[in-house]
Amino acid sequence: MEQAELLERALNLFHILLNDQRIRFLIVGGINTVVGYGTFAALVFCGLHYIAAHVAATVVGTACSYILNKYFTFKQYKKSFAEACRFVLVYVASFFSGIVILYVMVSVMSLNAYFAGMLNLVFTTLISWFGHKYFSFHVD
């Protein structure tokens, strides 16, 4: 197979993947993780208390996630305050669900906290995906 053909196939695969809303959602999640944690780490490095840094990073991460999911993942271009409120509600639901899920896995099921944290990412990602797809950015 020639290099040009390989490049064409790779570009076709890339195009197919970017047309999948689920893949775009995961890409945004990865970017948002880097932005959120980067903000947290930078603020702690600059001397901000870790709780204040967490709050600030959550605000920055939520804003970043909203913008990227709105325009890149779900391709919603009209302005809507209600949509932004629904987005925040999904974030809050995912956050508190994650706390409950972690508690059950660690305190009730006696799973290792690190393992439970990884499993929790699966659950909170699914909660976010379905919440944003069918509630935050749902087009009537």
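Guide: Two residues are in contact when heavy atoms of theirs lie within 4.5 Å. What you see is a predicted model, in which local features need pLDDT of at least 70 and side-chain atom pairs pLDDT 80 or more, while totals for chains, interfaces and linings use all residues. Residues are numbered from 1 along each chain as its sequence is written, and side-chain values use heavy atoms, leaving out hydrogens and water.

Visitor: What makes a run of residues a helix or a strand here?

Guide: DSSP decides: a helix is a run of H or I with at least four residues, a strand a run of E with at least two, numbered from the N terminus. The protein chain has five helices and zero strands, so its pattern reads α-α-α-α-α.

Visitor: Why are residues such as A116 and W129 in α5 called buried?

Guide: Buried means under 20% relative accessible area (exposed is over 50%, partly exposed in between, with a 1.4 Å probe and protein chains only). A116 and W129 are among the residues of α5 that are buried, and therefore each falls under 20%. What covers the buried residues of α5 includes α2 and α4. Across the protein chain, buried residues make up 24% of the 140 residues.
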